Amino acid sequence: MRTSIVIAGLLALLAGCSQSDSEPPTVIADRVFIGKHIYTVDEQNAWAQSIAVKDGKIIFVGDKQNVENYIGETTDVQQLGDNMLLPGFIDSHAHPVMGGAYIRSLSLDTFAGPERWYQQIEEYSQQHQDDEVLFGYGFLASAFGSDGPSKQRLDEIVADKPILIVDEGFHGGWVNSKALEMLGVDANTPDPVPGFSYYKRDVDNQPTGYLLEDTAMDAVAKLGIITADSVALGTGDVIDIMNSYGITSVFDAGAMDVDNVQLSVLENLAQNQQLTVRYIGAHMVNSQEHFATGVDRAIAKRSQSKGDGYHINMLKIMNDGTIEGKTAAMHEDYQGEPGNRGETVFSEPQMVQLLSQATEAEMDVHIHALGERAITQALNAIETVKHSFPQHSNRFTICHVQVMTDTDVERFASLGVIAQSTPLWASYDEYGKEFVSSDQFNRYFRFNSLSKAGVILSFGSDFPATGAGSLGMSPIFNMEIGHTRKTPGEPDAKVQPNKNESLDIASLIKGYTLGSAFQLNMETQIGSLEVGKMADLVIVDNNLFDVQADKIHQVKVLETILSGESVFVAN
């Protein structure tokens, strides 16, 4: 059986790639693309002049002469001209169903500051006077200093109805006094997890209006902001936007507060032909409450959730917070806060237990570790499990990886751990630098060091926790920041240290294609333009390798193709 599969694969490869066949192929393609900028992300054949597609799969990659053998009367032949064709982009970490709950709410300009945010909130309140709750997302907590945002300015905007704004990382919330009143939160309210999931307080122990971690998500639930209908409508919007940015596959890193409607939303989208991305999801374990049952729940979801175009088949572990919330687990104290090094959600022995259970179940694992201590702990746990299960084939990914030690860069490589992150976050952190040491600030987002060490990189948006609103979903927008480590379109902007961590364009493209496909355990199906793979493609209006660095974000997606069918065409 194995021999026949190998022979069949070789015959398919020869039929697709050979330019010296004695007889022309008898297969007629559905679609053929011909151009001078076809980038395959195939190390053996990086550039091509044409590709042919039949029944949703690639049947030829090669020169423009031999592709003519695949062209018949019914073939749609597309001349690309100066446009560039690439594999469809893969968002390796997002929350599209959760994002559906937020996409139609207020989106703050993450690249702005408090004064602009106050203005946006006031304008939104005037435009939505009939809303029972004013809801939005996108503020950067560090812009308000070490104490975070407070309720006073929100009270000045609206005092008679609740306001809730979730931060850009979805690890914190900002509310007015009316919201605190409706939530029943006052000086006597206990913190769920002191130092990690808690209510920020003033000198009199009164809540200031800044909510950290689970307290923010609890507020979303208790204020009745999310409904099944809003999630269903919004998820369709998110997928449409992803398609418009060239995305053909997405990894959902946890439905979080919409977990109870996730499957029904996916089933509905699939039935209505609106699930125009390949959707792989994870079940998230993010608290001690879910520790004992988390892996069992993930296993149950894996067996129950496989549908037309979607499957929830991984475990996601959230193990620390964020630097702006000073909840990311670090090796040294946050500046100005002696004794506060952030927290991990789980101890290292607990991490080993979760990873061991997942490995026994042959389930890949995705770990949120943003701070350097959380990263070290995750690598320790992975190393222990690899020693305990030497024959395992599981894939481990650590996501976000904002601050990392030199030693851990090399450990990613030696342990074969995938490093996932969001390039947009690598622009200069004007506010967050006040919370960390200069040494830590110089060890932000070590993409190039990881790449040179041989680590597989995968990139995604973390939408809706990206920042920059829906634009944060754009791989091309992210690529410019990953390449320049600057605010997009500003050639004189400050460079986020270390400037040597800037990535070349080829590595960024690979991170959004083949690297992400590897993370999803789908590199034999998607991620590069090779014979036998799915015809997931994106066409853009310029060659990304030729564009000036500070103008990469201006490159437009012209067409997005999933399994050979167009799911987005620009006007």
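1. Aromatic pairs come to 19 in this predicted model. Rings of Phe, Tyr and Trp (its six-membered ring) pair if their centres lie within 6.5 Å; planes under 30 degrees apart are stacked, over 60 edge-to-face, and the rest tilted. The model is predicted, and local features need pLDDT of at least 70, side-chain atom pairs count only at pLDDT 80 or more, and totals for chains, interfaces and linings use all residues. Residues are numbered from 1 along each chain as its sequence is written, and side-chain values use heavy atoms, with hydrogens and water left out.

2. Take Phe447 and Phe459. Their pair is edge-to-face, at 5.4 Å centre to centre and 70° between the planes. Phe447 belongs to helix H14 (residues 447-452) and Phe459 to strand S19 (residues 457-459), 12 residues apart. Helices (H or I, at least four residues) and strands (E, at least two) are DSSP runs, numbered from the N terminus.

3. Phe459 counts as buried because its value is 0%. Buried means under 20% relative accessible area, exposed over 50%, and partly exposed in between (1.4 Å probe, protein chains only).

4. Phe459 also pairs with Tyr512. This pair is tilted: 5.7 Å centre to centre, 45° between the planes. Tyr512 lies in the loop between helix H16 (505-511) and helix H17 (514-519), and Phe459 in strand S19, so the pair ties together parts 53 residues apart in sequence. Both residues are buried.

5. Ring pairs build a cluster. Its members are Phe89, Trp425, Tyr428, Phe441, Tyr444, Phe445, Phe447, Phe459 and Tyr512.

6. The rule asks for NZ of Lys or CZ of Arg within 6 Å of the ring centre and within 35 degrees of the ring normal. Lys326 has its charged end over the ring of Phe435, 4.7 Å from the centre. Arg395 lies over the face of Phe518, at 3.7 Å from the ring centre.

7. Now the sheet. It is open, with 6 strands in the order S7-S8-S9-S10-S12-S11 and mixed pairing. Two strands pair if DSSP finds at least two bridges between them. Strand S7 (106-107) and strand S11 (199-201) are the edge strands, each pairing on one side only. S7 pairs with strand S8 (residues 134-139) in the parallel sense over 2 bridges. Leu106 stands opposite Gly136 in S8.
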